[in-house]
Amino acid sequence: MADVKKFIEEIKTMTVLELNELVKALEEEFGVSAAAPVAVAAAPAAGAAAVPAVEEKTEFNVVLKDAGAKKIDVIKVVRAFTGLGLVEAKQAVEKGGVLKENVAKEEAEKIAADLKAAGANVVLE
């Protein structure tokens, strides 16, 4: 029993990263998973139509398709929500594509509305 207590005391001194590595090593060594078991949903009653649950997306990417005619206004908006400098914001607007990743729905909608108000063509993905 002394060995178990000694082992527990040693675990208490480990960092989170070291504990993570320990768990992964134990999973590999013994072929087990430390993940919590997931409860299986009950089957629908006979005659009831099975409707798959649609998971609502909570995080979005703000994607600039086109800066539009008012490029300077779009650059100002991009600087405001990204914190980029003038040169970096200008390059981001000229390049297009993802301007901000994994943004909460409300924030993404606000950013998109601000960019559209400035004349940009924006989509949320």
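This briefing covers the sheet, the nonpolar core and the salt bridges of the structure above.

The model is predicted: local features need pLDDT of at least 70, side-chain atom pairs count only at pLDDT 80 or more, and totals for chains, interfaces and linings use all residues. Residues are numbered from 1 along each chain as its sequence is written, and side-chain values use heavy atoms, with hydrogens and water left out. Three strands form an open antiparallel sheet, the largest nonpolar core has 21 residues, and the structure holds five salt bridges. Helices (H or I, at least four residues) and strands (E, at least two) are DSSP runs, numbered from the N terminus.

**Sheet**

- The strand order is S2-S1-S3, with antiparallel pairing; two strands pair if DSSP finds at least two bridges between them.
- S2 and strand S3 (121-124) are the edge strands; each has a single partner strand, so one side of each has no neighbour in the sheet.
- From one strand to the next, the twist averages 20 degrees (axes are lines fitted to C-alpha atoms, for helices over the stretch in contact, and angles run from 0 to 180 degrees between N-to-C directions).
- S1 and S3 are joined over four bridges in the antiparallel sense.
- Val63 has Val123 in S3 as its bridge partner.

**Nonpolar core**

- A nonpolar core is a set of buried Ala, Val, Leu, Ile, Met, Phe, Trp, Tyr and Cys residues joined through side-chain atoms within 4.5 Å; buried means under 20% relative accessible area, exposed over 50%, and partly exposed in between (1.4 Å probe, protein chains only).
- Within the largest core, the residues that touch the most other members are Val74, Val78, Phe81, Val93, Leu99, Leu115 and Val122.
- Two or more core residues come from each of strand S1 (59-66), helix H3 (71-82), helix H4 (86-95), strand S2 (97-104) and helix H5 (105-117).
- H3 contributes the most to this core, with five residues.
- Phe81 is in contact (heavy atoms within 4.5 Å) with Leu99, Lys100, Ile111 and Leu115, leaving aside neighbours within four places in sequence.

**Salt bridges**

- A salt bridge is a side-chain nitrogen of Lys or Arg within 4 Å of a carboxyl oxygen of Asp or Glu.
- Glu94 and Lys90 are separated by about one helical turn because they lie four residues apart in helix H4.
- Lys71 counts as partly exposed at 32% relative accessibility, as does Lys90 at 38% and Glu94 at 42%.
- Lys100 and Glu107 form a salt bridge at 3.6 Å from N to O. Lys100 is partly exposed at 24% relative accessibility, and Glu107 is partly exposed at 38%.

**Asp66**

- Asp66 lies in strand S1 and counts as partly exposed, with 45% relative accessibility.
- Not counting residues up to four places away in sequence, Asp66 touches Ala120 and Asn121.
- The C-alpha atoms of Asp66 and Glu94 are 8.4 Å apart, and the two residues are 28 residues apart along the chain.
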